Each structure stands twice: as C-alpha cells, then as structure tokens.
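Here is a short report on strand pairing and charged side-chain contacts. Please read it alongside the sequence and the model.

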Amino acid sequence: MTDTATQIKDTVTANEVVLFMKGTKSMPQCGFSSKVAGVLNYMGVEFSDVNVLADDAMRQGIKDYSDWPTVPQLYVKGEFVGGCDIVTEMTLSGELDTLFDEKGVTYDKDAAEKIREANA
C-alpha cells in the first residue's frame with residue numbers, strides 16, 4: 001500500500017464521517033463539494049474534511065482508493081457512501097438518515113426532514 005493509500009485508510013477509519021472534497025467544509029471550492037458539505041453541515045453532522053486540492057497525490061489517491069472517478073467522496077464509519085449525486089439521492093429518499101441511524105452517527109432529524117420538504 002502506498003503512503004497516500006495508507007493515509008486515506010487511516011483517515012477513513014479514524015473518523016466517523018469524512019468528506020474528501022475540493023476545498024474545506026467552511027470554504028468549498030466546487031459546487032458538488034459545496035452541496036455535500038452543505039447537506040452535512042445543515043444536518044449537524046460532525047465530519048472531517050480532506051481538501052484534495054492541497055495535495056495532488058491525495059486527489060488521485062482517493063479516486064484509486066475507492067475506484068470512484070470523482071470528488072467529493074463521502075465515507076461513513078470507514079465505508080464509501082458515494083459522491084454528490086448519490087448523497088443527494090440518499091438525503092431526499094431518507095436513506096442517508098437510515099445509514100446514519102444504523103452507524104450511530106448523530107444528526108438533526110428535523111433538518112433532514114426540512115431538506116426533503118424543501119425539495120418535494
């Protein structure tokens with residue numbers, strides 16, 4: 001395993017929720033990263049962010065690690081969940097709530113419901 005792959009594995013296993021993204025959760029640098037970080041922030045999810053723009057090896061490494069071609073990438077309890085489209089679909093269907101419940105991740109259920117109501 002390369003140093004970058006080891007670093008990614010350590011990051012996803014040491015943190016409950018991790019978002020590999022362009023930019024940071026307080027200053028996203030692309031619309032897709034902003035959307036996923038916005039959902040997590042709105043739902044009150046504590047998550048670690050990894051700015052792939054700060055490290056070219058990380059930017060490619062996360063794609064290789066997950067075998068997923070795009071960023072952002074969301075991990076919950078060490079498991080790859082998906083990118084922006086998947087996270088959006090899961091949020092709107094309630095599947096993200098179910099995943100968080102099953103994994104013991106704290107989030108604001110009312111905020112999640114407000115997202116669904118606003119997009120109904």
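Helices and strands are taken here as DSSP runs, numbered from the N terminus. Two strands pair if DSSP finds at least two bridges between them. The model is predicted.

Start with strand β1, residues 17-21. How many of its residues are buried? The count is 5 of 5. Buried means under 20% relative accessible area. In a regular strand, side chains alternate between the two faces of the sheet. In β1, Val17, Leu19 and Met21 lie on one side, and Val18 and Phe20 on the other. Both faces are covered.

β1 has a partner in strand β3, residues 73-76. The two run antiparallel, with 4 bridges. Leu19 faces Leu74 of β3 across this pairing. Strand β2, residues 48-51, is also joined to β1 by 4 bridges, but in the parallel sense. Here Leu19 stands opposite Asp49.

**Salt bridges**

Side chains of opposite charge can pair when their charged atoms come close. The model has 5 salt bridges.

| Pair | N to O distance |
|---|---|
| Lys103 and Glu79 | 2.5 Å |
| Asp97 and Arg116 | 2.8 Å |
| Glu113 and Arg116 | 3.4 Å |

Take Lys103 and Glu79, whose side chains form a salt bridge. Lys103 sits in helix α5 (residues 95-103) and Glu79 in strand β4 (residues 79-82), so this pair ties together parts that are 24 residues apart in sequence. Lys103 is partly exposed, at 22% relative accessible area. Glu79 is partly exposed too, at 41%.

Next comes the salt bridge between Asp97 and Arg116. Asp97 belongs to helix α5 and Arg116 to helix α6 (residues 109-118), so the contact links parts that are 19 residues apart in sequence. Are these two residues buried or exposed? Asp97 is buried, with a relative accessible area of 8%. Arg116 is buried as well, at 15%.

Arg116 also meets Glu113 in a salt bridge. Both residues lie in helix α6, 3 residues apart, which is about one turn of the helix. Glu113 is partly exposed, with 36% relative accessibility. Which residues form one network through shared partners? They are Asp97, Glu113 and Arg116.

Notes:
Residues numbered from 1 in each chain as written. Predicted model: local features only at pLDDT ≥ 70, side-chain atom pairs only at ≥ 80, totals over all residues. Heavy atoms only, no water. Salt bridge = Lys/Arg side-chain N within 4 Å of Asp/Glu carboxyl O. Buried < 20%, exposed > 50% of the residue type's maximum accessible area, 1.4 Å probe, protein only.
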